[in-house]
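Please read the points below alongside the sequence and the model.

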Amino acid sequence: MNSIIPSFRHLPSSSPPPRRPSTANAPTDFFLLWRYQIFDPDSDIVSYWNHVFLVICIMSLFIDPLYFFLPYVGGPACLRTDASMGVIITVFRSMADLLYLSNMLMKFRTAFVAPNSRVFGRGELVMDAREIAMRYLKSDFVIDLAAALPLPQFVIWIVIPTTRNSRADHANNTVALIVLLQYIPRLFQIFPLNQKIIKSTGVVARTAWAGAAYNLLLYVLASHVLGAIWYLCSITRQFSCWKMECARENASKLLACVPSFLDCNSLTKPERQYWVNVTNVLRNCDATNSLVDFKFGMFADAFTTNVASKNFIVKYLYCLWWGLRNLSSYGQNLETSIYIWENLFCIVICILGLILFALLIGNMQTSLQSMTVRIEEWRVKRRDTEEWMRHRQLPENLQERVRRFVQYKWLATRGVDEESILQSLPLDLRREIQRHLCISLVRRVPFFSQVDDQFLDAICERLVSSLSTEGTYIVREGDLVNEMLFIIRGQLESSTTNGGRSGFFNSIALRPGDFCGEELLTWALMPNSTSLPSSTRTVRALSEVEAFALQADDLQFFAHQFKRLQSKKLQHTFRYYSHQWRTWGACFIQAAWRRFKKRKMAKELITRESSFYYRSLSNPESYYIDDIEDEDENIERTSTDSPTNVQHLGATILASKFAANTRKGSNDQKVAVIDSSSNSLKMPKLFKPDEPDFSVDHEDG
């Protein structure tokens, strides 16, 4: 595209800055813009104009048959033309002609693909204005010019007023002939325009309802044209009867019937009023009288209902209804005479109605079925699932779980296979879409608040959606872990028995923002990890859960690609938010507290035994009794102060009695000390989760 902006690059430095172009040069600028502007046939502006011009073509096809409604019965045995309605129709028709002319100018500036370059890909665009013009002049120019000429306006406002001696039927038949002749190129313009829109955008209507409305509008257009032709033919048939009776009266030479009497402009003439009183034209051309010799056939309804003498709105709506009724019923309700043109018209109605109605039903069915195709596929799949479950005689609880999962998956995805849609897109576009869909959800996970955007993009690219219904077990304790879940919606229960240890059970609730399957991350960080790790917890869905999953291969990729995962800070963050590590920490603190209490109790017992030993040496008899009493009180106090010391009561009594029995022993005998690590006092330990062996400490990855 050549630039029309002037360049001031070669102006001397002392020259003043260029002035802004004045509005007086606007026509020149527009001419330059038009001269050098060439449009791409697949550009947005050309596509938008094609849609607009398609609407204009359909509106113009509605406007042209309105000329057929201009003649009407304005009095007894006379016709009149509706001049005011003719002005309105002419204005709209002239506006449509200007838009047709604009489309011709648009085609002179729209590039085309060279036919010899369509070997591979889109092809090469021809941007030369001369070649574009020559190609257009040789192809569609004649049809577009014939469709844009204002022929009906020229006939009505120039030809007819210059021939004042013309009769009403002559004027209307001329207009009808012109309209019908020009209707053909205007109708043919729609078909290549449809193909052009489909070629550039794929479809004419973007939604199913718009497609159904478009096909229905075309059917109404056909009914509108058919009703307008029927009305004009009815007027023409009535006028033919009047002319026939006038010719019969003139042949009998009993009464003179002047052809100008059939024009309502002669209603005020005295001779015309006298002729109306004595003529037989009105009686012999009465469509409501079935005894007359002249048969109106299918056109009698226009006069039996007095539609021919009503205003424009009434005429138009009645004729539109007549066209819709007979086009939909293929003309089966029409009663015709033996008039040849009337029978040909009925044949055309029957054939045209059969074709158009079949096209309407087929196209509308296709458009509306595209809206419910997913629902129908889901119904078929659900029916097949029900038949399979009955055939396999599954228990009722399993059947109900399957039904809940199918229903929940439909509500979440509406039957759309998101994975196949994403895989059909280019890689870069797929990454952008995945980031848009997942980035806000991934950032809800506190663990990912410590990572950079590059790592988040890699995670979003590899996340896959996971749906679980209530009661579904995500993983059981001891099973292999093959994915790590990040919860988006719903609630999970994570429980453990520490490898089936009796008397041990821990359960927590996982909510949106939490994650499970952290054993997989520890496994991925191992330098020489081989087989998948086993789960230390059982995870079950407490409600419908939506989550994103990271597979084992993806985690290994992250561990080797992003060294930041091996930093101590990120590992501490992971341990802080990991429920597995939290449970291990709580159990570790609890076990340490119990060991502390045992050591404290043992130390107190040793102190009492030492004091008892030295006191027994000084006063063996009296102290023995006091020691027994103090021992009993100490036992009571110890048993009531701490419930955790009940299990050590037996050991304490035995140790005390052993010390009392050896009070008379030799001074070299040592005091027995209770081993706090004996099997009877050992507490079950929860083993610490496996840690990766980092040979080098990477703080920042």
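**Notes on the model**

1. Asp 64 is buried, with a relative accessible area of 0% (buried means under 20% relative accessible area, exposed over 50% and partly exposed in between, with a 1.4 Å probe and protein chains only). Asp 64 belongs to the loop between helix 2 (44–63) and strand 1 (71–75), where helices (H or I, at least four residues) and strands (E, at least two) are DSSP runs numbered from the N terminus. Leaving out residues up to four places away in sequence, Asp 64 touches Arg 93, Val 179, Tyr 183 and Arg 186, a contact being heavy atoms within 4.5 Å.

2. This is a predicted model, in which local features need pLDDT of at least 70 and side-chain atom pairs count only at pLDDT 80 or more, whereas totals for chains, interfaces and linings use all residues. Residues are numbered from 1 along each chain as its sequence is written, and side-chain values use heavy atoms, with hydrogens and water left out.

3. The largest nonpolar core has 78 residues, and among those touching the most other members are Phe 69, Trp 275 and Trp 322; such a core is a set of buried Ala, Val, Leu, Ile, Met, Phe, Trp, Tyr and Cys residues joined through side-chain atoms within 4.5 Å. Helix 9 (residues 208–252) gives the most to this core, with 15 residues. At least three residues come from each of domain 1 (33–204) and domain 2 (206–393), the bounds being from an automatic or database domain assignment.

4. The structure holds 19 aromatic pairs, counted where rings of Phe, Tyr and Trp (its six-membered ring) have centres within 6.5 Å, with planes under 30 degrees apart called stacked, over 60 edge-to-face and the rest tilted. The rings of Phe 69 and Phe 312 are edge-to-face, because their planes stand at 85°, with the centres 5.9 Å apart. Phe 69 lies in the loop between helix 2 and strand 1 and Phe 312 in helix 13 (residues 312–328), so this pair ties together parts that are 243 residues apart in sequence. Phe 69 is buried at 1% relative accessible area, and Phe 312 is buried at 14%.

5. What is the arrangement of the rings of Trp 593 and Phe 596? The pair is tilted, because the planes are at 35°, and the centres are 5.6 Å apart. Trp 593 counts as exposed at 52% relative accessibility, while Phe 596 counts as partly exposed at 39%.
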